[in-house]
Amino acid sequence: MSSWKRMPRRLWHWRARCLWRHFDRLRCSQVTSAVLFCLIVAIADGDTLTARCGEPGAYEQVKVRISGIDAPEKAQAFGQRSKQALSDLCFRETATIRANARDKYRRTLADVECQGKDVATSQVRAGMAWVFDRYSEGYEHLYPLQSGAKADRRGLWSSPDPVAPWDWRKQRRSGL
């Protein structure tokens with residue numbers, strides 16, 4: 001039995017709060033090994049969602065960025081389709097969230113599973129996200145899936161010249 005299930009409720013709640021609020025300070029022991037089961041309450045885009053974690057009456061909403069992938073922005077080609085694909089998989093579902101780190105926007109970077117499927121794997125396989133080259137360490141298994149989606153022209157790969165989200169953001173910042 002996991003140590004989480006043996007803990008009294010108030011201690012479990014404290015540890016969950018510690019995980020989310022103080023992750024970047026590493027005040028909790030074994031932060032990266034913690035697994036949370038949360039309800040997905042919102043989808044921002046193809047790689048970001050909002051989860052409601054905790055116990056009734058003491059819920060916390062957590063913004064989660066899926067590790068290892070980068071999906072098209074909402075205003076970009078396939079942005080809305082990517083968001084819909086993530087929504088079809090996760091919205092109003094209980095997800096398993098394994099926190100890895102925090103990003104510069106204070107979102108929790110995590111591996112997420114919905115309906116028993118790894119979200120990063122599903123999004124890349126369907127051609128709804130790129131493997132995020134800059135942060136792909138530990139996610140090399142996604143590259144063959146991306147190559148398969150590209151070869152089969154699935155999702156964003158059906159476009160004649162898809163633009164990676166990081167390049168698209170750079171173009172928008174430079175005013176091109």
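This is a predicted model: local features need pLDDT of at least 70, side-chain atom pairs count only at pLDDT 80 or more; totals for chains, interfaces and linings use all residues.
The largest nonpolar core has 28 residues. Several elements give two or more residues to this core: the strands S1 (35-45), S2 (48-53), S3 (60-66), S5 (94-102) and S6 (108-114), together with the helices H3 (79-90), H4 (119-125) and H5 (142-151). Strand S1 gives the most, with four residues. A second, separate core has six residues, among them Phe 78, Trp 130, Ala 149 and Leu 156.

Within the largest core, Cys 90 and Val 112 have the most contacts. Once neighbours within four places in sequence are set aside, Cys 90 is in contact with Ile 40, Ile 43, Leu 49, Cys 114 and Val 119. One of these partners, Cys 114, is also joined to Cys 90 by a disulfide, with an S to S distance of 2.2 Å. Cys 90 belongs to helix H3 and Cys 114 to strand S6, so the pair ties together parts that lie 24 residues apart in sequence. Both cysteines, Cys 90 and Cys 114, are buried. The torsion about their S-S bond is about 110 degrees, and the disulfide is therefore right-handed.

The structure holds two disulfides. Besides the link of Cys 90 and Cys 114, a disulfide joins Cys 38 to Cys 53, with an S to S distance of 2.0 Å. Here Cys 38 lies in strand S1 and Cys 53 in strand S2; the two residues are 15 residues apart, and the pair links distant parts of the chain. The link of Cys 38 and Cys 53 is right-handed, with 110 degrees about the S-S bond. Cys 38 and Cys 53 are both buried.

Technical notes:
Residues are numbered from 1 along each chain as its sequence is written. Side-chain values use heavy atoms; hydrogens and water are left out. A nonpolar core is a set of buried Ala, Val, Leu, Ile, Met, Phe, Trp, Tyr and Cys residues joined through side-chain atoms within 4.5 Å. Buried means under 20% relative accessible area, exposed over 50%, partly exposed in between (1.4 Å probe, protein chains only). Contact means heavy atoms within 4.5 Å. A disulfide is a pair of cysteine sulfur atoms within 2.5 Å.
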